[in-house]
Amino acid sequence: MTGLDPQIARVLARMPAASRAEVDAAEARRASRVRAQVLRRDVQSVDRVSDRTVRTSAGDVAVRIYASAGASLPVLVFLHGGGWVVGDLDGPDALCRTLADRAHCMVVSVDYPLAPEHKFPAALEASYGVVGWVRDAAGELGADPDRMAVGGESAGGNLAAVIAQVSRDRGGPALSLQLLITPALDHAFDTASYLENAEGYGLTRREM
């Protein structure tokens with residue numbers, strides 16, 4: 001880890017070493033929750049946090065809404081990472097709180113259905129359904145439907161990028177911004193980055 005940023009080195013030192021590639025989905029989800037708790041520090045306080053259930057064409061979806069003070073806030077629909085197999089509303093909780101506070105916006109975090117129980121395109125359709133619900137319920141939520149964004153991390157970044165295209169092609173909600181954090185946008189595993197960082201940095205090439 002020569003040359004690794006000291007803050008990242010400290011985070012990696014605290015992470016459990018178990019590989020998600022060697023376990024089934026249930027154990028991978030348990031390990032992911034453990035990782036999230038280990039890495040979690042004091043969370044940012046925001047004005048409002050509430051849990052809701054949204055009905056979509058892919059079934060009911062749980063969402064968690066974070067809002068800074070104010071009315072008619074810009075709104076970000078956020079999709080967690082986890083390879084489409086792991087992840088929940090608690091994993092990105094600290095990040096969503098920080099985004100809501102520092103960007104002075106509303107964040108709607110989505111607990112989309114996971115594989116392998118829910119096969120493609122369930123996660124996409126459920127997440128896209130939440131985007132439509134946010135637009136339609138904007139007045140009730142205190143959000144501005146003309147300032148909507150979609151974002152996510154890793155697998156969630158993939159979903160966010162695809163939702164932007166689907167929304168465009170289906171004449172869905174007009175989106176002002178994509179916030180893509182290490183998005184999975186290619187299925188090639190032979191790039192220089194994949195080869196140089198295959199081991200030792202938390203997420204391995206084999207796990208991907």
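Glu140 and Arg52 form a salt bridge in this predicted model, with their closest N and O atoms 2.9 Å apart. The pair connects distant parts of the chain, since Glu140 belongs to helix 5 (residues 138-141) and Arg52 to strand 1, 88 residues apart. Glu140 counts as exposed, at 57% relative accessibility, while Arg52 counts as partly exposed, at 29%. The salt-bridge count comes to 13.

**Other salt bridges**

- Glu117 forms a salt bridge with Arg29, and 2.8 Å separates the closest N and O atoms.
- Because Asp51 lies in strand 1 and Arg64 in strand 2, the pair ties together parts that are 13 residues apart in sequence.
- Arg64 is buried, with a relative accessible area of 13%.

**Asp93**

- The relative accessible area of Asp93 is 3%, so the residue is buried.
- The side chain of Asp93 also makes a polar contact with the side chain of Tyr66, at 2.6 Å.

**Helix 3 and its packing**

- Helix 3 covers residues 93-102, and its buried residues are Asp93, Cys96, Arg97, Leu99 and Ala100. Viewed down the helix axis, these buried residues fall within an arc of 165°, so they line one face of helix 3.
- An α-helix has 3.6 residues a turn, so residues three or four places apart point the same way.
- What do the buried residues of helix 3 pack against? Their partners are strand 1 (48-56), strand 2 (59-67), strand 3 (73-79), strand 4 (106-111) and strand 6 (177-181).
- Strand 1 and strand 2, both among these partners, hold Asp51 and Arg64 respectively.

- At 44% relative accessibility, Arg33 counts as partly exposed.
- How far apart are the C-alpha atoms of Arg33 and Val86? They are separated by 8.8 Å, and the two residues are 53 residues apart along the chain.

**Aromatic rings**

- A search of the whole structure finds 1 aromatic pair. The pair consists of Phe189 and Tyr194, whose ring centres are 5.2 Å apart and whose planes stand at 70°, so the arrangement is edge-to-face.
- The edge-to-face class applies because planes over 60 degrees apart are assigned to it.
- Phe189 counts as partly exposed, at 32% relative accessibility.

Definitions and conventions:
Residues are numbered from 1 along each chain as its sequence is written. This is a predicted model: local features need pLDDT of at least 70, side-chain atom pairs count only at pLDDT 80 or more; totals for chains, interfaces and linings use all residues. Side-chain values use heavy atoms; hydrogens and water are left out. Buried means under 20% relative accessible area, exposed over 50%, partly exposed in between (1.4 Å probe, protein chains only). Helices (H or I, at least four residues) and strands (E, at least two) are DSSP runs, numbered from the N terminus. The arc is that of the directions from the helix axis to the C-beta atoms. Contact means heavy atoms within 4.5 Å. A salt bridge is a side-chain nitrogen of Lys or Arg within 4 Å of a carboxyl oxygen of Asp or Glu. Rings of Phe, Tyr and Trp (its six-membered ring) pair if their centres lie within 6.5 Å; planes under 30 degrees apart count as stacked, over 60 as edge-to-face and the rest as tilted. A polar contact is a pair of N or O atoms within 3.5 Å; within protein, one must be able to donate a hydrogen and the other to accept it, and residues adjacent in sequence count only if both atoms are side-chain atoms.
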